[in-house]
Amino acid sequence: MATVSVTTAISASQPLAASELAHACGADTEWVVQLVEVGIVQVTTTEAPPERWQFSSADLQCALEARRLERDFGVGLDAAALILDLQHEVRRLKAVIRAHGLR
Amino acid sequence: MEFKDYYSALGIDRTASEEDVRKAYRKLARKYHPDVSKEADAEKRMRDINEANDVLRDKEKRAAYDALADRVARGGHPQGDFQPPPGWDTGFEFHRGPNQGPADHADFSEFFSSLFGEAERRGAARRNYRARGEDHHAAIEISLEDALNGAEREITLRSQEIDAQGRPAFKTRTLSVKIPAGMHPGQFIRLAGQGMPGHGGEPAGDLYLEVRIAPHKLYRVEERDIYMTLPVTPTEAALGAQVKVPVPTGGAVEVTVPPHARSGLKLRLKGRGLGGKQPGDLYLLLEIALPPATAEAARKAYEQLAQASASFNPRQHLGV
């Protein structure tokens, strides 16, 4: 018998708070502040206190990836930000290649 | 279940130092990273490497695993018939500190879950540690149609419980997940309270499911946009036409192909992509399909076309 669970899609109307993003990554809010500083995750306004920040699915994806890079390769967050940018670009270019039927 | 040899997964031996483990992991993680690897089984290898690394880089887990491997070697378990002996981890303590990164165990093997999942929990209980349970992460692959229209899916998760003999036993539980309409790839669905149990009476963590869209025979998905190749005849491309196009939400729409259309021209159907309230678009990529020149009438028509367009040289830019 399946248990029915409360499900929420992380979206603009149901974003993640900074504390929730931190918990999902096994980190603390201070770490999320650092992510914002290096631009791995985006907030609309850095003037607002972290309790009012809101994050999307894309932010969660980037934050998880940055956490793994930190843990498994010992990279700093600045280097993680660059790796994530390059990774994003590789995936975009691969999609363009696929769209042109070249692979 | 199968006894996993974590040392061979990382290509190292039992005497490897912490630094050796780290180096071996980093080398293999680069080799099998899904973005760069050319190996067919890269994703599976990456999972095995991650799992081996999770155990071997942790002093406590590694020592317990080594002791267990010795017992298994002495006991001569048949291949694929491994059960952890009762009290196998006595004297070892595992814990996941608050800053150890995401708990990726949902992806790990049954072998890992039955050894370390429960043991991490008991370790936390012994230390009188109070904290909300860790959040868990997993992926769910759904069809494009389900992503657009929403669906209800059952997923099976592994968890560990202690059986009547005091042994960690592997249990599966089935969850019914309501997938809201308009999901796009990379979006997360959160299942409240379905992560790791809380420590010291605190609530359980959540389970995050990352949405992946299964390959479709007609459409290709890129973030929120959907792409489809639309074949047209040379006549439709040259003179323009109204053509019928199937849409992923079901049914078909009439689309205007403009005159003088070339192969590769992109037609956009705004707002017919994925993403709910802020939807992407549906793009139609024109591909000119030539009618076969096998029938006599078609051959004649091609010859007439050649005469009518005698001054047209498609190779002019080649300088010949």
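Which residues does A63(A) touch, not counting residues up to four places away in sequence? The list is L21(A), C25(A), L35(A), I40(A) and V41(A), where touching means C-beta atoms, placed from the backbone, within 7 Å. Keep in mind that this is a predicted model, where local features need pLDDT of at least 70, side-chain atom pairs count only at pLDDT 80 or more, and totals for chains, interfaces and linings use all residues. Residues are numbered from 1 along each chain as its sequence is written, while chains are lettered from A and ligands numbered from 1 in the order in which they are written.

**Cores**

- A63(A) belongs to the largest nonpolar core, which has 44 residues; a nonpolar core is a set of buried Ala, Val, Leu, Ile, Met, Phe, Trp, Tyr and Cys residues joined through C-beta atoms within 7 Å.
- "Buried" here means 20 or more other C-beta atoms within 10 Å of the residue's own (12 or fewer is exposed, in between is partly exposed), with C-beta atoms placed from the backbone.
- The members that touch the most others are L21(A), I40(A), L60(A), A63(A), A147(B), I189(B) and L209(B).
- Helix α3 (residues 57-73) of chain A puts in the largest share of this core, six residues.
- There's also a second, separate core of 15 residues, with A9(B), Y32(B), V55(B) and A64(B) among them.

**Chain A**

- Chain A has four helices and two strands, running β-β-α-α-α-α along the sequence; these are DSSP runs numbered from the N terminus (helices H or I, at least four residues; strands E, at least two).
- Of chain A's 103 residues, 28% count as buried.

**Where A meets B**

- Chain A brings 32 residues to the contact and chain B brings 36.
- On the chain A side, α3(A) gives the most, with ten residues.

**A helix pair in chain B**

- Helix α2 (residues 18-31) and helix α3 (residues 42-56) of chain B have axes that come within 10 Å and cross at roughly 165 degrees; axes are lines fitted to C-alpha atoms over the stretch in contact, with angles from 0 to 180 degrees between N-to-C directions.
- α2(B) and α3(B) are therefore roughly antiparallel to each other, a label for angles over 145 degrees.
- V21(B), Y25(B), L28(B) and A29(B) of α2(B) make the contact with I49(B), N53(B) and L56(B) of α3(B).

Conventions
Contact = placed C-beta atoms within 7 Å. Parallel < 35°, antiparallel > 145°, perpendicular 65-115°, else oblique.
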